[in-house]
Amino acid sequence: LFSQLYPAEVWRQVVGEVGFALTYADLFGDPFERRVEPLQPTDLKQPILQLPIEDGLIWSFTGGPHSAWGDYAGWAGLDFAPPGNVFGCTVSNEWVVAAAEGLVVRAENGEVLLDLDGDGHEQTGWVLQYMHIETRHRVEAGTYMQAGDLIGHPSCEGGVATGTHLHLARKYNGEWIPADGPIPFEMDGWVSSGAGWPYDGYLSKGSVVLEAC
């Protein structure tokens, strides 16, 4: 950031001991005293998750592993579209449900954050991000949910979207956990994997393999 804002001679001062670091310490204290290491323990395992849809309904798997947020985040996101053959941004009355028990710590601008350890901090422990959740009937922050409870309806709210869908991603200690990495993104026995290109990928359960479409 500072390299884009200042010429070289000013940049050296800004990133030195009497620059930004000193200002930050004066305002907030030494950040390294509050560090969490390692952010991802070597034995980290995902908690048990169910699919984020109501039992008995068939949704489309429309997006394999891709950026969780914007263009350059970890490939933690998976996309699902509600039943039907309607394309584009349309109103859906289908429900997205909680994939696990947890506390809703944020619900705004199309985004719902479900904190699975229930401590109220989305920066710690496992957190699920639900994106493109319509304002209508959307769960409110502060709600404690059980797996299967109703979160809201899929939509195009909250960011760039070409059609009504749910974008689901995982975080641990504030870091995106890739859906094509060493910690499988597993829901009801379905495990995600990537194909080396954003949005292309698979969900596998036993001998059944679904490719994102």
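The lining of the second largest pocket is made up of 10 nonpolar, 3 polar and 3 charged residues. Keep in mind that this is a predicted model. The space in this second largest pocket comes to about 260 Å³. It has 16 lining residues, and Leu51, Ile53, Leu57, Trp59 and Trp190 are the closest to its centre.

Now for the largest pocket, with a volume of about 930 Å³. It is lined by 35 residues, and Asp79, Ala161, Thr162, Gly163 and His165 lie nearest its centre. Strands S1 (60-66), S2 (77-81) and S6 (126-131) each give two or more residues to that lining, and S1 gives the most, with 3 residues. Sort the lining by class and you get 14 nonpolar, 19 polar and 2 charged residues.

Next, the rings. The whole structure holds 6 aromatic pairs, and here are two of them:

| Pair | Centre to centre | Angle between planes |
|---|---|---|
| Phe2 and Phe20 | 5.3 Å | 55° |
| Tyr24 and Phe28 | 5.0 Å | 55° |

Phe2 in helix H1 and Phe20 in helix H3 are 18 residues apart, so this pair links distant parts of the chain. Tyr24 and Phe28 both belong to helix H3, where being 4 residues apart separates them by about one helical turn. Tyr24 is partly exposed at 26%, while Phe28 counts as exposed at 51% relative accessibility. Ring pairs join Phe2, Tyr6, Phe20, Tyr24 and Phe28 into a cluster.

Charges meet rings too: the charged end of Arg170 sits over the ring of Phe185, 4.4 Å from its centre.

Key: Residues numbered from 1 in each chain as written. Predicted model: local features only at pLDDT ≥ 70, side-chain atom pairs only at ≥ 80, totals over all residues. Heavy atoms only, no water. 1 Å grid on protein atoms, 1.4 Å probe; cavity = no way out; pocket = protein on both sides within 12 Å on 5 of 7 lines; lining within 4 Å. Points joined across faces, edges and corners; volume = space filled by probe spheres on them. Nonpolar A, V, L, I, M, F, W, Y, C, P; charged D, E, K, R; others polar. Phe/Tyr/Trp six-rings, centres within 6.5 Å; stacked < 30°, edge-to-face > 60°. Buried < 20%, exposed > 50% of the residue type's maximum accessible area, 1.4 Å probe, protein only. Lys NZ or Arg CZ within 6 Å of the ring centre and 35° of its normal.
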